[in-house]
Amino acid sequence: MDRFRACIVDGEMNFIRNMGAIFDKEETAAQVIDEIESVLRELQKKAKGERPVRVLTIEFMGDKIEVFGDKLLSGDIIKRLGSFNINYEVPFISAEELREADPEVVFLIYHGGDTDREFAKGYFKEAPLFHLRAVQTKRIYPLEYRYICAANVKTGESIKAIYKGLYE
């Protein structure tokens, strides 16, 4: 994990800025960046009055559970919106470790469409994950992979989706 630079909001905006320069679309890139910054400022302001939430962002990969922590886009957004990620030193955890963490909110990363989303949600229908606080309070929020990895022009949408899961 540490071999790669952190994938954060600033990195996404820098990528957009660079692509704008490469394709002679600096004005369009600046508009997209302004929109991302505006969404982030607005939702940070709204989040100031909210209680911070303990969050775990995960993806099921067969029998493994990948954790998306502070160094990835979702983690950066969660921190910027005033909540905090449950982090691990390793990229994968067991179902037992997930159960022990007992997050208030789980962002569930999935690939593809509705079928993939429902399949991923299915992991929470059985023990030991059925007993998680986030499951019992219905705070499992599926997020498409495109919203948290190289989101680029979708970064503003990612911020809105994560805010909604944290505070609405």
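Author: In this predicted model, let us begin with the residues through which two helices touch: Val 9, Met 13, Ile 16, Arg 17, Gly 20 and Ala 21 in H1 meet Glu 26, Ala 29, Val 32, Ile 33, Ile 36, Glu 37 and Leu 40 in H2. Sorted by class, this contact of H1 with H2 is made up of nine nonpolar, one polar and three charged residues. Two packed helices are described by the angle between their axes and the distance between the axes. Here the axes of H1, which covers residues 9-22, and H2, which covers residues 26-47, come within 7 Å and cross at roughly 165 degrees. Because angles over 145 degrees count as roughly antiparallel, H1 is roughly antiparallel to H2, and their crossing is right-handed.

Now for the strand. In E5, residues 105-110, six of the six residues are buried, so the strand is largely enclosed by the rest of the structure. In a regular strand the side chains alternate between the two faces of the sheet. Accordingly, one can follow Val 105, Phe 107 and Ile 109 pointing one way from E5, while Val 106, Leu 108 and Tyr 110 point the other way, and all are buried. As for its partners, E5 pairs in the parallel sense with E1, residues 54-61, over four bridges, and in that pairing Ile 58 has Leu 108 of E5 as its bridge partner. E5 also pairs in the parallel sense with E6, residues 140-144, over five bridges, where Phe 107 stands opposite Tyr 141 in E6.

Key. Residues numbered from 1 in each chain as written. Predicted model: local features only at pLDDT ≥ 70, side-chain atom pairs only at ≥ 80, totals over all residues. Heavy atoms only, no water. Buried < 20%, exposed > 50% of the residue type's maximum accessible area, 1.4 Å probe, protein only. Pairing = 2+ DSSP bridges. Axes fitted to C-alpha atoms, helices over the stretch in contact; angles between N-to-C directions. Parallel < 35°, antiparallel > 145°, perpendicular 65-115°, else oblique. Left-handed = near helix turned anticlockwise from the far one by under 90°. Contact = heavy atoms within 4.5 Å. Nonpolar A, V, L, I, M, F, W, Y, C, P; charged D, E, K, R; others polar.
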